[in-house]
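Subject: Structure for you to look at

Hi,

Here is the structure I promised to pass on. Please open it and keep it beside this email as you read.

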Amino acid sequence: MTTTWFTVLAAPILAMPLYAAEETLSLPNNATIGVEFVEAIAFSEGETRKESILLRPSQYSEASHSLPEYCVLIGDAQLSDDRLRITAHDVTCIETDNADSAIFSGAISASAYNSDGEYGLACNDNPCSTPSGRGFLLTLSEALEIEAQDNPSAEINEQRRQANGDGVANPIPSERPNPEDQ
């Protein structure tokens, strides 16, 4: 009974998106995240490697974790034994919370696993190709910890929201007439 209750209580927590709690984007080692190709990938005859492919987060039922909605991952694809082996090495995410936002950009170490559990994605076409939007799991080979970067636009927006401080509370300068009064 204890295992059942733990599973019932912990499963929703593990499947939740990771938000910018305490200004850090964190994922544990061996976490799985759903991603998809931004653009179609096609290998020419004799070609075995593509660099700087773009991936974005997607809903994947078997993922243990998720990234914020606004992320892009950069990786490489290598064709090996009719499998497309994807490794992600960079990630940039923008996490929004109402009017506030945080920017996270750093290194990630993750590899693709197909729904069959094998390393790499099955590639049945000759030459190998895959459409944009094809989803799969990335598994992290080490924990991800990225601190939030300075966000100049957030600082400017904060100054604009200050009503009684040094910020600009009224976007119409006092020396100009208000267009609504004319």
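Rings of Phe, Tyr and Trp (its six-membered ring) pair if their centres lie within 6.5 Å; planes under 30 degrees apart are stacked, over 60 edge-to-face, and the rest tilted. F37 sits in strand β2 and F136 in strand β10, so this pair ties together parts that are 99 residues apart in sequence.

Before you go on, two notes on the source. This is a predicted model: local features need pLDDT of at least 70, side-chain atom pairs count only at pLDDT 80 or more, and totals for chains, interfaces and linings use all residues. Residues are numbered from 1 along each chain as its sequence is written, and side-chain values use heavy atoms, with hydrogens and water left out.

**Rings**

The whole structure holds 2 aromatic pairs. Y113 and Y119 also pair: their ring centres are 5.6 Å apart and their planes are at 55 degrees, so this pair is tilted. Y113 is partly exposed, at 30% relative accessibility. Y119 is partly exposed too, at 28%.

K50 lies over the face of F43, at 5.8 Å from the ring centre. The rule asks for NZ of Lys or CZ of Arg within 6 Å of the ring centre and within 35 degrees of the ring normal.

**Overall layout**

The protein has 2 helices and 11 strands. These are DSSP runs, numbered from the N terminus: helices are H or I with at least four residues, strands are E with at least two. From the N terminus on, the order is α-β-β-β-β-β-β-β-β-β-β-β-α.

Of the 182 residues, 30% count as buried. The accessible surface is about 11600 Å², and 49% of it belongs to carbon and sulfur atoms. Accessible areas come from the Shrake-Rupley method with a 1.4 Å probe; for residues, only the protein chains shown count as cover.

Now contacts, meaning heavy atoms within 4.5 Å. Take those between residues at least 6 apart in sequence: 62% join residues at least 24 apart.

**The core**

What does the largest nonpolar core hold? It has 32 residues, and those with the most contacts inside it are F37, L55, L73, I86, F136 and L138. A nonpolar core is a set of buried Ala, Val, Leu, Ile, Met, Phe, Trp, Tyr and Cys residues joined through side-chain atoms within 4.5 Å. Strands that each supply at least two residues include β1 (24–27), β2 (32–37), β4 (49–57), β7 (100–113) and β10 (135–140).

Leave aside its neighbours within four places in sequence, and I86 touches F37, I53, L55, D76, A77, A110, S111, A112, L121 and F136.

**Disulfides**

A disulfide is a covalent bond between the sulfur atoms of two cysteines. Here the rule is a pair of cysteine sulfur atoms within 2.5 Å. By that rule there are 2 disulfides.

C71 and C93 form one, with sulfur atoms 2.0 Å apart. C71 lies in strand β5 (residues 70–80) and C93 in strand β6 (residues 83–97), so the bond ties together parts 22 residues apart in sequence. Its S-S torsion is about 115 degrees, so it is right-handed. C71 is buried at 10% relative accessibility, and C93 is buried at 1%.

C123 and C128 form a disulfide with sulfur atoms 1.7 Å apart. Its torsion is about 125 degrees, so it is right-handed. C123 and C128 are both buried. Counting bonded cysteines along the chain, the pattern is 1-2, 3-4.

**Backbone details**

A cis peptide bond joins N126 and P127, with omega about 0 degrees. P127 is in the loop between β8 (121–122) and β9 (129–130).

Where is D81 found? D81 is in the loop between β5 and β6. D81 is not a glycine, but its phi is positive, near 50 degrees. D81 is exposed, at 69% relative accessibility. D82 lies in the loop between β5 and β6. D82 also has a positive phi, about 60 degrees, without being a glycine. D82 is exposed, at 59%.

Best wishes

Key. Buried < 20%, exposed > 50% of the residue type's maximum accessible area, 1.4 Å probe, protein only.
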